[in-house]
Amino acid sequence: MSHNHPKILIVSRTPTCTPMSSASSLFSVSAFRLRPIARLSSSRFYPRFLRLTRPFDVLPPRAYPSLRASSVTTMADSNVDAGMDAVQRRLMFEDECILVNENDRVVGHDTKYNCHLMEKIESENLLHRAFSVFLFNSKYELLLQQRSKTKVTFPLVWTNTCCSHPLYRESELIEENALGVRNAAQRKLLDELGIQAEDVPVDEFTALGRMLYKAPSDGKWGEHELDYLLFIVRDVKVRPNPEEVADIKYVDREQLKELLRKADAGEEGVKLSPWFRLVVNNFLMKWWDHVETGTLKEASDMKTIHKLL
């Protein structure tokens with residue numbers, strides 16, 4: 001097959017050569033070989049794919065030899081989701097989440113799609129690693145985002161600055177000092193909010209704790225995450241990506257309390273993400289004190305996994 005448009009290469013672990021679209025422009029090849037992406041729907045995605053395929057992000061076959069992926073749902077198998085937004089659909093099938101046990105030990109990897117299906121969460125007890133970023137400005141106001149209406153899970157809910165997953169790649173699997181998770185947080189702050197990497201250096205994130213929770217989104221989708229809670233105090237330029245974020249706002253403590261009141265009363269259609277609510281109810285206000293006094297490292301407890309089920 002020949003095309004005049006540019007191609008890029010990414011790694012696939014799909015075991016057989018299978019057409020992935022009716023136009024036959026996307027193919028996946030055998031494990032840890034390469035597949036061509038013949039056409040990109042938008043030029044803005046090109047840097048994202050380049051980041052995915054840097055040499056140090058590609059896991060060699062010998063890496064984590066004992067790990068196996070959970071059963072995979074492919075694009076071709078998912079006609080029921082044909083109405084899914086194209087960007088979210090791509091992320092759901094191409095992003096590989098890190099599967100862990102309840103002690104946060106890596107046990108495998110699977111697509112974002114499979115990791116968020118309540119059927120698989122319940123039947124296979126799929127638990128994946130995640131992170132939640134809480135970014136404060138120099139006035140100690142917390143940046144919140146409202147998730148895009150095209151999000152598969154929890155659309156249009158208000159939540160903390162950025163919530164996502166480290167991916168199954170070497171740079172985001174680094175365990176020491178949660179470096180892999182901090183690398184992922186820097187990546188997603190750029191993807192979702194347009195915050196440049198130099199404005200949020202990975203060394204500036206403080207991992208304050210981990211929590212394990214489960215939360216259904218609707219009858220089909222949900223979350224089952226071991227969530228790293230990352231705090232950072234920086235003044236940044238924010239350029240929200242409308243495919244990911246519907247709105248943003250900085251809030252002080254009193255403004256956050258008012259937002260919580262509206263959510264509890266069902267006013268103005270305000271909804272909060274379940275993981276944000278758990279952090280607010282269990283940790284946020286005492287950690288906010290440490291933000292204001294510059295003593296975040298003193299509050300860090302990365303030995304405990306808080307099970308908030």
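1. Where in the chain is the place of E268? In this predicted model, E268 sits in the loop between α6 and α7. Its relative accessible area is 63%, and because exposed means over 50%, E268 counts as exposed. The side chain of E268 also makes a polar contact of 3.3 Å with the side chain of K262.

2. The overall composition of the chain may be stated next. The chain holds 8 helices and 15 strands. It has 309 residues, of which 52% count as buried. Among contacts with a separation of 6 or more, 68% are between residues 24 or more positions apart in the chain.

3. The two helices on either side of the loop of E268 deserve attention as a pair. The axes of α6 and α7 come within 12 Å of each other and cross at roughly 170°. Angles over 145 degrees count as roughly antiparallel, and therefore α6 is described as roughly antiparallel to α7.

4. The residues that form this helix pairing can be listed by side. From α6 come R253, L256, K257, L260, A263 and D264. From α7 come F276, R277, V280, L284, M285, W288, D289 and E292. By class, the residues of this contact divide into 8 nonpolar and 6 charged, with no polar ones.

5. As a general background, nonpolar side chains in soluble globular proteins tend to be buried together.

6. Leaving out residues up to four places away in sequence, F276 touches F134, L142, L144, W158, T159, N160, L256 and L284. One of these partners, N160, is treated in the next point.

7. N160 lies in the loop between β10 (158-159) and β11 (162-164). Is N160 buried or exposed? Its relative accessibility is 0%, and since buried means under 20%, N160 counts as buried. A polar atom of the N160 side chain lies 3.0 Å from the backbone oxygen of V133. The side chain of N160 is also joined to that of T159 by a polar contact of 3.0 Å. With residues up to four places away in sequence not counted, N160 touches S132, V133, F134, L143, L144, Q145, W275 and F276.

8. H128 counts as buried, at 0% relative accessibility. Its side chain makes a polar contact of 3.3 Å with the side chain of H165 and another of 3.1 Å with the side chain of E225. Neighbours within four places in sequence aside, H128 is in contact with C97, I98, L99, V100, C115, H116, H165, E223, H224, E225 and L226.

9. N114 is found in helix α3 (residues 112-115). With a relative accessible area of 0%, N114 is buried. Which side chain does the side chain of N114 contact at 3.0 Å? The partner is D110, and the contact is a polar one. N114 and L126 are 12 residues apart in sequence, and their C-alpha atoms are 8.5 Å apart in space.

10. Finally, two backbone angles call for comment. Most residues other than glycine have a negative phi. In N125, however, phi is near 55°, a positive value in a residue other than glycine. N125 is found in the loop between α4 (118-124) and β8, and it counts as partly exposed at 44% relative accessibility. Phi of Y140 is likewise positive, near 65°. The place of Y140 is in the loop between β8 and β9, and Y140 is partly exposed at 31% relative accessibility.

Definitions and conventions:
Residues numbered from 1 in each chain as written. Predicted model: local features only at pLDDT ≥ 70, side-chain atom pairs only at ≥ 80, totals over all residues. Heavy atoms only, no water. Contact = heavy atoms within 4.5 Å. Axes fitted to C-alpha atoms, helices over the stretch in contact; angles between N-to-C directions. Helix = DSSP H or I, 4+ residues; strand = E, 2+ residues; numbered from the N terminus. Parallel < 35°, antiparallel > 145°, perpendicular 65-115°, else oblique. Nonpolar A, V, L, I, M, F, W, Y, C, P; charged D, E, K, R; others polar. Buried < 20%, exposed > 50% of the residue type's maximum accessible area, 1.4 Å probe, protein only. Polar contact = N/O pair within 3.5 Å; in protein donor to acceptor, adjacent residues only side chain to side chain.
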